[in-house]
Amino acid sequence: MATADTDVLERPARQALERGRKTLESVFRKVRPRDFGPLQSTTNEATFLIEAARLAVESGLAGADEAERDFNEARLRGLARVAELRKMAEPCLETGAVCDLLGVSRETIRKKLERKQLLALPKGSGDRVFPVFQFQGGKVLPGVDQVLEVLDTDPFVALSFFLSRSPFFGNKSAADALKAGMIEEVVTEAGSYLEHGS
């Protein structure tokens with residue numbers, strides 16, 4: 001049954017919405033009531049969808065093939081890690097707020113991103129958000145650009161490094177170590193981060 005909200009959606013979105021509704025209904029019919037706990041306690045839409053996908057995999061709906069099931073479970077772990085990192089990265093600033101903070105134009109922000117001088121996380125629709133930890137005193141935190149240049153990788157891998165705690169930094173996160181002026185130590189650790197894995 002179409003509602004005012006679904007009427008404004010374009011046809012591909014309506015088709016995806018209908019498929020999603022049918023998929024969720026099919027999954028929910030196969031799941032025991034006690035397995036709904038994690039789904040009911042989710043705090044945002046992304047986590048809800050990840051938990052729903054987990055239920056789909058566990059219910060057998062996502063394919064009975066063992067290799068495919070293992071692959072789907074690995075993908076779910078990856079998605080869950082990305083959702084966890086996004087939450088840990090909060091608060092974040094929109095592009096306009098970063099322009100205001102740094103006193104620069106959107107074009108300057110774009111160039112800083114190309115030069116790996118800022119960390120941005122994709123937000124959808126081509127937009128992005130910027131974790132606040134990389135700013136201090138109305139400027140980019142010293143050392144952020146050096147770390148990003150060394151890591152030269154996916155923004156979520158870089159985010160994981162910035163948020164990770166290390167005995168080399170006195171059990172501080174890499175971001176907090178930069179704030180404490182430990183630039184050389186953090187850049188050195190970033191160099192070995194990808195080798196040892198996140």
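**Aromatic ring pairs**

Phe133 is buried, at a relative accessible area of 11%; buried means under 20% relative accessible area, with a 1.4 Å probe and protein chains only. This is a predicted model, in which local features need pLDDT of at least 70, side-chain atom pairs count only at pLDDT 80 or more, and totals for chains, interfaces and linings use all residues. Residues are numbered from 1 along each chain as its sequence is written, and side-chain values use heavy atoms, leaving out hydrogens and water.

**Ring pairs**
- Rings of Phe, Tyr and Trp (its six-membered ring) pair if their centres lie within 6.5 Å; planes under 30 degrees apart count as stacked, over 60 as edge-to-face and the rest as tilted.
- By this rule there are three aromatic pairs.
- One of them joins Phe133 and Phe162: the ring centres are 5.5 Å apart and the planes stand at 45 degrees, so this pair is tilted.
- That pair links distant parts of the chain, 29 residues apart. Phe133 sits in the loop between strand E3 (127-131) and strand E4 (135-136), and Phe162 in helix H9 (residues 155-163).
- Helices (H or I, at least four residues) and strands (E, at least two) are DSSP runs, numbered from the N terminus.

**Burial and the helix-to-helix pair**
- Phe162 is buried, with a relative accessible area of 1%.
- Phe161 and Tyr193 have ring centres 5.0 Å apart and planes at 65 degrees, so they pair edge-to-face.
- Phe161 lies in helix H9 and Tyr193 in helix H11 (residues 183-196), so the pair ties together parts 32 residues apart in sequence.
- Phe161 is buried at 1% relative accessible area, and Tyr193 is buried at 8%.

**Cluster**
- Ring pairs link Phe133, Phe161, Phe162 and Tyr193 into a cluster.

Methods: Buried < 20%, exposed > 50% of the residue type's maximum accessible area, 1.4 Å probe, protein only.
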